[in-house]
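Good morning, colleagues. Please look at the sequence and the structure on the screen, and I shall then take you through selected parts.

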2 protein chains.
Amino acid sequence: MVDLKTQPVVGDEAVQPCCPPLTERPLSREESERTAKMFRALGDPVRLRLFSRIASFAGGEACVCDISDVGVSQPTVSHHLKKLKEAGLLTSERRGTWVYYRVEPSVLSTMGQLLVGQR
Amino acid sequence: MVDLKTQPVVGDEAVQPCCPPLTERPLSREESERTAKMFRALGDPVRLRLFSRIASFAGGEACVCDISDVGVSQPTVSHHLKKLKEAGLLTSERRGTWVYYRVEPSVLSTMGQLLVGQR
DNA sequence: CGTCCATATTGACACACATCAAAGCGATTC
DNA sequence: GAATCGCTTTGATGTGTGTCAATATGGACG
């Protein structure tokens, strides 16, 4: 049911231990570019709802059809899912007719540490 | 002078616990609107650098002059600081000739909990 | 008062982006 | 193969936003 064989990286390029907490030292330009992309991806209400629906779905993944009733057209849903994927927040896999999205495992804790430091 | 548009988006824990972790349950439309505003504020590289510089500055606050060499013009810096303030992430205070910005205390942990749950 | 300094606001402009209808594509079923 | 379903891509459009130059504001100091 839940297949955890995939352990992809975050974003289109490989990501090292990302960044220290925002309170530790000023971000460099490159760090800020990379990090801003993730925050911006969650900076749209529709994307945030889609992300939250996937993250809280039973099994940790959701078919597009499970989450697409958020008040915008289906192409728009697809557009937002693509953006979340490009930001490295989601991964997707086609299984038969359906496409399943799941939250990239490392993302939540990485962004969390950026905000609050060591857990 | 009290500018209502600069009041924090996140409420105090007792008053209004903002939102549960994104993984707990799907966000409502209102919750997503409110929360997306904060993420969007950090979704620009320049703003993220400014925020990080303030957050990591000695004393927990910084004068605009301390942080404004981020590669854009002075009006643009001012514009970004205003946006961060409107999102509830920063507060500002004028002292003599200078204006000091500091991170709104509750913000980091609130956004952190949104991502990683209870600490 | 006048000048200088630090920051904010205004106005203009180019570009990014959210959105939808329509068309395309992959997989299943008949 | 044809029809259908689930989803993505394309193209068009209106709105949002990052940026700067110019200007305004507000305090400090002669």
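**The sheet of chain A**

Helices and strands here are DSSP runs, helices being H or I with at least four residues and strands E with at least two, numbered from the N terminus.

Before I go on, a word on the basis: this is a predicted model, in which local features need pLDDT of at least 70 and side-chain atom pairs count only at pLDDT 80 or more, while totals for chains, interfaces and linings use all residues. Residues are numbered from 1 along each chain as its sequence is written, chains are lettered from A and ligands numbered from 1 in the order in which they are written, and side-chain values use heavy atoms, with hydrogens and water left out.

Strand S1 of chain A is joined to S3(A), residues 98–103, by 3 bridges, and the two run antiparallel; strands count as paired if DSSP finds at least two bridges between them. On the other pairing, S2(A) and S3(A) are antiparallel over 6 bridges, and here A:Thr91 stands opposite A:Arg102. S2(A) and S3(A) also form a hairpin with 2 residues between them, and A:Gly96 in that turn has a positive phi of about 65°.

Taken together, 3 strands make an open antiparallel sheet in the order S1-S3-S2. Which strands lie at the edges? They are S1 (61–63) and S2 (90–95) of chain A, each pairing on one side only. Neighbouring strands are turned by 25° against each other on average, direction ignored.

Helix H2 of chain A packs on this sheet, touching S1, S2 and S3 of chain A, and its direction makes about 90° with that of S3(A). Contact means heavy atoms within 4.5 Å. Axes are lines fitted to C-alpha atoms, for helices over the stretch in contact, and angles run from 0 to 180 degrees between N-to-C directions.

**Helices in contact**

The axes of H2(A) and helix H4 (residues 74–86) of chain A come within 10 Å and cross at roughly 75°. H2(A) is therefore roughly perpendicular to H4(A), a label that covers 65 to 115 degrees. Among the residues making this contact are A:Leu50 and A:Phe51 of H2(A) and A:His80 and A:Leu81 of H4(A).

In chain B, B:Ile67 lies in helix H3, residues 64–67. Is B:Ile67 buried or exposed? B:Ile67 counts as buried because its relative accessibility is 0%; buried means under 20% relative accessible area, with a 1.4 Å probe and protein chains only. Not counting residues up to four places away in sequence, B:Ile67 touches B:Leu50, B:Arg53, B:Ile54, B:Ala62 and B:Leu81.

**Between the two chains**

Helix H1 of chain B, residues 29–41, has 13 residues. Its buried residues include B:Glu31, B:Ser32 and B:Phe39. The cover over the buried residues of H1(B) includes H1 and H2 of chain A, together with H2, H4 and H5 of chain B. At 0% relative accessibility, B:Ser32 counts as buried. Leaving aside neighbours within four places in sequence, B:Ser32 is in contact with A:Pro45, A:Leu48, A:Arg49 and B:Leu27.

Finally, a rotation of 179° with 0.0 Å of shift along its axis superposes chain A on chain B, with an RMSD of 0.1 Å. The two copies are thus related as by a two-fold rotation axis. Superposition is by least squares on the C-alpha atoms of residues with pLDDT of at least 70 in both. The same surface serves both copies, as 100% of the contact residues of chain A recur in chain B.

Notes:
Expected span 1.5 Å × (residues − 1). Buried < 20%, exposed > 50% of the residue type's maximum accessible area, 1.4 Å probe, protein only. Parallel < 35°, antiparallel > 145°, perpendicular 65-115°, else oblique.
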